[in-house]
Amino acid sequence: MSDIILSHVEKAVGDHTVLKDFSHVFPEGEITVIRGASGCGKTTLLRLISGIYTPDSGEITGVPQKLSFVFQEDRLAEDFSALSNIRLVTGKSVAREEIERHLDELSLREVMKKPVRDFSGGMKRRVAISRAVLFDADLLLLDEPFKGLDQELKKTVMDYVLKYTRGKTVICVTHDPAEEDYLGGNLLIMKGKGRNAT
């Protein structure tokens, strides 16, 4: 593993330039929280790092092969149980008992065998986060992962993420300064088209 380095990256989506001459270093094994106004390129940045998008120019280096992504949408298999949704990405590399323990930590033990289509939005969020954590990637990309969670539950889930991602590189987009403070780590504030990133 190494630092993730973006050098003079530019990206347009359709006719709209989202990132222009964007450079930043995401330190290996640390949390970086990204904040910024809607439309400034936060989600595009995560998609570039993940390889979903290719930069129009510039260079991205140091991205590990094994990464997890929690999107703004939960992207779960709605007819599958919480347990089965996690199994879809872990296969048999993680014992069933371990998955159950993680779901229990997130207060989902009682419903883990039910189809997630019957879950509330907050329950689906927790399944998506647990799935990403249990994939045991070297890099975890989180795009507004805690939205829809009440304050008490949000703290539990943030503690869970902090506990199981120690030593990994985590990049988390949020609009909430309280989440930024709780997660700690490095802060990247993105302004228009990434040109004034700090």
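In which loop is Ser 107 found? Ser 107 lies in the loop between α3 (96–105) and α4, where helices (H or I, at least four residues) and strands (E, at least two) are DSSP runs, numbered from the N terminus. This is a predicted model, in which local features need pLDDT of at least 70, side-chain atom pairs count only at pLDDT 80 or more, and totals for chains, interfaces and linings use all residues. Residues are numbered from 1 along each chain as its sequence is written, and side-chain values use heavy atoms, with hydrogens and water left out.

The phi angle of Ser 107 is near 60°, a positive value in a residue other than glycine. Ser 107 counts as exposed because its relative accessibility is 57%; exposed means over 50% relative accessible area, buried under 20%, and partly exposed in between (1.4 Å probe, protein chains only).

Asp 136 is found in the loop between α4 and β6 (139–143). Phi of Asp 136 is near 60°, again a positive value in a residue other than glycine. With 45% relative accessibility, Asp 136 counts as partly exposed.

Helix α4 also takes part in a packing. Helix α2 (residues 82–90) and helix α4 (residues 121–134) pack at an angle of about 30°, with their axes 9 Å apart; axes are lines fitted to C-alpha atoms, for helices over the stretch in contact, and angles run from 0 to 180 degrees between N-to-C directions. The contact (heavy atoms within 4.5 Å) is made by Ala 82, Asn 85, Ile 86, Val 89 and Thr 90 of α2 and by Val 127, Ser 130, Arg 131 and Leu 134 of α4.
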